[in-house]
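Hi,

Here is the structure I promised to pass on. Have a look at it first, and then read my notes below.

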Amino acid sequence: MWVVILLLVALACCTAWWVITNKDEPPAYPGYLPLIGHAHLLIGDTINLWNLVKMISYKSLKAEGAVSLWIGPRRLYFVADPNDFLKIANTCFQKDEIYEYAKPWVGNGLVTSDALLWKAHRKMLNPAFNPAVLDGFIEMFNSQARRLVKSLEVEAGRGPFDHWAYSRINALETICFGALGIDFRNKNDLFNEYANATEELFSIVLKRFQTIWLHSDFMYNRSELKKRQDKLLTFVHNMSNGILKKKKADLLNCDNVEDKKKGKEAIFKPFLDLILELSREQGTFNDEEIREHVDTIILAGYDTSAIVVTYVLMLVGSYPHIQKKVCEELHEVFGDEDRDVTKQDLSKLVYIDAVFKETMRFYPAAPVVARHLDKDIKLRNCTLSKGKTCILSVYGVHRHAVWGLDAEEFKPERWLDPATLPDVPNAFAGFSMGRRNCIGQAYAGMSIRIILSHIFRNYKVYGDHTKMVARFDILLKPVSGYHVQIEKRNK
Ligand code: HEM
């Protein structure tokens, strides 16, 4: 008996020694234990997980861009160097296994689909997000921004409040209305339930990743977590199937033509219309695929945009001199008018654009993304082996030395002068990088800058981001509330 135990211990130690001294690969992250690797570091809540993501990102930066970790026998790389990030993102298009955990929810939508299918679908869907299509969204973005401003009135002058509660519902309405062409506005109860369900689904995906024995389908399918996931999915899929059914009926009744006559807001062409057209004319997508794209667009588009708005409010509210500059710019462009933001205005709102980008650099809504390496990749300082998981740290890239000594400071001014920006073109990864980056980035940029232009014209914002405690829930979210207060501005 003792001999067997000794042999096992010796084997574990040899394996440990072998794996962590493999010279060509990135160095091991501290804390490796025989057999379980770094799995013990994953234990804990999502606050702990966020601290871990940050620590590994900084360690990768110190280790010249990358470190290795093991979850049991499974080896992961963690990369935080901008050039290496881009190289990996543009060499391996296959998403990592963790994305499989979200497939029961979003199937083969763009975020989770396998590389081959993704290439074909992305090509077909790119036109739905081109600049001409996006211009058609401006009025709708303005009217949604006004709705948000109006809904916030009850909080003006009443002390700190949870801005997230308002912005996520507004963002969900916007995505349903803009991307899917369905007007669900004033359905707050339904939306709250939907938003809570999606939040819990994110947590379930993460919980599964954190719990090694649930990586196996056999174990997971018998777990309580899976039962809960199924229940939430029934609700979420019912909603997207409902959207799809209504949209198909509308198209059949040519309601969209009528809508165009009814109001200006309907001049844009929703993303879902394009998919339905493609499937009708070219037979490209079946109903299941359409539902998966619908779920993906909602999932990828609303939470992320809402989080960025809340971070901007918290950060700008924390720095009065920055808010002053935001307001001066708004005054220069709009005077005292409360009019809509036009495309021409957007190109003049350079400081607001800088605030938006700097917020996404400082608190990236999606702090990491992950790829499956389907080939060996030679980086500047090491080689990554085929078959492994590679976590690309957006957070790490945004804290890289290329950003200068003030990388830890929130400084929108850095975006105003090319001389104060990094001299590598890939230092910003807020929407990921390479060909499999965010398809909705121009959509998000436009809608968020319009929202900010309305909010800061109407409210003075006070915040304190230093009080924020963050958690990693696939996305980066605050647990501590948003520490934001607003006051109505005197016109
Ligand atoms: C500020 C808001 C947003 C942020 C920070 C953001 C961030 C990202 C990131 C980091 C990725 C890469 C994900 C990965 O590789 O795992 C991504 C992909 C994606 N995003 Fe966004 N996103 C935002 C808004 C949007 C919006 C508004 C839409 C849709 C209207 C959208 C649709 C998508 C889709 C479909 C993908 C998958 C693209 C592909 O694999 O081809 N996103 N986004």
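**What I found**

Leu-35 sits in the loop between helix H1 (2-20) and helix H2 (46-62); helices (H or I, at least four residues) and strands (E, at least two) are DSSP runs, numbered from the N terminus. Leu-35 has a positive phi of about 70° although it is not a glycine. With 69% relative accessibility, Leu-35 counts as exposed, where exposed means over 50% relative accessible area, buried under 20%, and partly exposed in between (1.4 Å probe, protein chains only).

Before you go further: this is a predicted model, in which local features need pLDDT of at least 70 and side-chain atom pairs count only at pLDDT 80 or more, while totals for chains, interfaces and linings use all residues. Residues are numbered from 1 along each chain as its sequence is written, and side-chain values use heavy atoms, with hydrogens and water left out.

Ile-474 also has a positive phi, about 75°, and is not a glycine either. You'll find Ile-474 in the loop between strand E8 (470-473) and strand E9 (475-478), and it is partly exposed because its relative accessibility is 24%.

Now the ligand. Which residue is the only protein donor of its iron atom? That is Cys-438, through SG, at 2.3 Å. Donors here are N, O and S atoms within 2.8 Å of the metal (3.2 Å for Na, K and Ca), and water is not among the atoms, so sites may look incomplete. Cys-438 belongs to the loop between helix H18 (394-398) and helix H19 (441-458).

Helix H7 (residues 138-152) is worth a look too. H7 has 15 residues and reaches 21 Å from its first C-alpha to its last, close to the 21 Å expected at 1.5 Å a residue; the expected span is 1.5 Å times one less than the number of residues. Buried residues in H7 include Ile-138, Phe-141, Leu-148 and Leu-152. Among the elements that cover the buried residues of H7 are helix H8 (163-178), H19 and strand E10 (484-488), with contact meaning heavy atoms within 4.5 Å.

On to the charged pairs. The structure holds 35 salt bridges, each a side-chain nitrogen of Lys or Arg within 4 Å of a carboxyl oxygen of Asp or Glu.

- Glu-97 and Arg-74 meet at 3.8 Å, N to O. This pair links distant parts of the chain, 23 residues apart: Glu-97 is in the loop between helix H3 (82-91) and helix H4 (103-106), and Arg-74 is in strand E2 (residues 74-79). Arg-74 is buried because its relative accessibility is 17%, whereas Glu-97, at 40%, is partly exposed.
- Lys-226 and Asp-230 meet at 2.9 Å, N to O. Both are in helix H11 (residues 224-252), 4 residues apart, about one turn of the helix. Lys-226 is buried, at 19%, and Asp-230 is partly exposed, at 34%.
- Lys-150 and Glu-153 meet at 3.1 Å, N to O. Lys-150 is exposed, at 56%, and Glu-153 is partly exposed, at 38%.

There is also a network of salt bridges that links Arg-168, Glu-199, Asp-303, Arg-471, Asp-473 and Lys-477.

Thr-284 is partly exposed, at 23% relative accessibility. Leaving out residues up to four places away in sequence, Thr-284 touches Met-124, Leu-278, Ser-279 and Glu-289.

Cheers
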